[in-house]
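I opened my notebook for a friendly look at some helices.

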Amino acid sequence: MSTPSADPGTPSPAVAAPLAAPAGAPAGDPAAAPDAGQGGGRRGSLGPVGLVLAGGLSVQFGAALAVTLMPRAGALGVVTLRLAVAAVVMLLVCRPRLRGHSRADWGTVVVFGAAMAGMNGLFYQAVDRIPLGPAVTLEVIGPLALSVLASRRAVNLVWAGLALAGVFLLGGGGFDGLDPAGAAFALAAGAMWAAYIVFSARTGRRFPQADGLALAMGVGALLFLPLGIVESGAELIDPVTLGLGAGVALLSSVLPYTLELLALRRLPAPTFAVLMSLEPAIAAGAGFLILDQALTAAQSAAIALVVAASIGAVRTQVGRRKRRAPAVS
């Protein structure tokens with residue numbers, strides 16, 4: 001997904017983390033993290049690794065909870081509740097300053113919020129039609145493609161080939177085994193995820209700490225509110241629906257954001273990025289445990305290929321950045 005998993009009923013954009021890192025980028029963008037784990041040794045990294053994995057589990061089990069809520073509130077209604085609750089929490093916690101920003105600052109944060117809303121809306125349309133694991137796997141193609149294109153290294157053709165092989169397997173050679181509309185929504189969500197990463201970096205350069213993220217979440221919630229009202233109407237304020245929607249927001253946005261923020265203070269950025277590349281596998285597990293969405297052998301192999309491609313692209317980009325870094329005497 002990064003920015004934090006706040007986006008995202010989707011995984012954190014940290015899959016594409018080794019793209020350039022802005023100072024002041026929202027937490028969850030591993031490129032913004034200090035290499036805090038260098039001196040801590042292996043034992044010192046176990047705590048933050050656990051935090052990252054817990055955040056990933058929280059995101060995907062939140063997405064699974066969202067799927068169970070869709071018959072009651074609809075996909076658009078669930079996205080509305082998630083964005084609205086998460087925005088309220090983030091705005092109350094961050095209390096971003098509204099004055100003193102230029103028109104370009106606000107333009108960037110509005111586009112960031114629109115990308116966030118689009119990514120969530122398209123992803124939830126996807127999981128309303130296809131299993132959670134395949135949906136996340138197709139979605140992660142967006143940030144993976146961004147990482148490969150930004151690197152411009154020949155070895156990344158290998159990772160792109162692995163990812164395409166995974167997509168081919170996942171679609172059974174033509175997406176006959178998956179709902180075509182669901183697959184299309186997941187791929188479109190991936191494209192929005194790539195845009196989300198780009199504008200997350202730009203927002204991080206213009207706003208301090210997580211202020212830009214909080215403002216963008218507010219923008220996304222406002223943009224999606226009319227769609228949620230049209231689809232779900234008064235159901236959005238039903239106490240049970242509202243409570244479940246708040247649970248989705250906390251599991252998919254607030255809790256993982258907090259866990260990743262804590263982890264990034266002690267965990268090297270490359271380690272964080274590799275861990276986040278495992279999200280399609282975590283999603284498949286959540287879909288199986290909560291939604292009884294069993295995968296075929298071909299689908300499992302497809303997810304493994306995309307995860308391997310994501311990890312490979314991350315490590316290639318990290319290695320390139322280390323070689324380009326000037327030696328410190």
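At what angle do the axes of helix H2 and helix H7 cross? I noted first that this is a predicted model. For H2 (residues 103-127) and H7 (residues 211-232), I found axes that come within 7 Å and cross at roughly 60°. That makes H2 oblique to H7. I also looked up the hand of the crossing of H2 and H7, and it is right-handed.

Next I listed who makes the contact. From H2 I wrote down residues including Trp 106, Val 109, Phe 112, Gly 113, Met 116 and Gly 121. From H7 my list has, among them, Gly 212, Leu 215, Met 217, Gly 220, Leu 223 and Phe 224.

Then I turned to H3 (residues 132-139). How many of the residues of H3 are buried? I counted eight of the eight, so H3 is largely enclosed by the rest of the structure. The buried set of H3 includes Pro 134, Thr 137 and Glu 139.

My last stop was H10 (residues 279-291). With 13 residues at 1.5 Å a residue, H10 should span 18 Å, and I found its end C-alpha atoms 17 Å apart, which agrees. The buried residues of H10 are Glu 279, Pro 280, Ile 282, Ala 283, Ala 284, Ala 286, Gly 287 and Leu 291. What follows H10? I found Asp 292 there, with a positive phi near 60°.

Note on methods
Residues numbered from 1 in each chain as written. Predicted model: local features only at pLDDT ≥ 70, side-chain atom pairs only at ≥ 80, totals over all residues. Heavy atoms only, no water. Axes fitted to C-alpha atoms, helices over the stretch in contact; angles between N-to-C directions. Helix = DSSP H or I, 4+ residues; strand = E, 2+ residues; numbered from the N terminus. Parallel < 35°, antiparallel > 145°, perpendicular 65-115°, else oblique. Left-handed = near helix turned anticlockwise from the far one by under 90°. Contact = heavy atoms within 4.5 Å. Expected span 1.5 Å × (residues − 1). Buried < 20%, exposed > 50% of the residue type's maximum accessible area, 1.4 Å probe, protein only.
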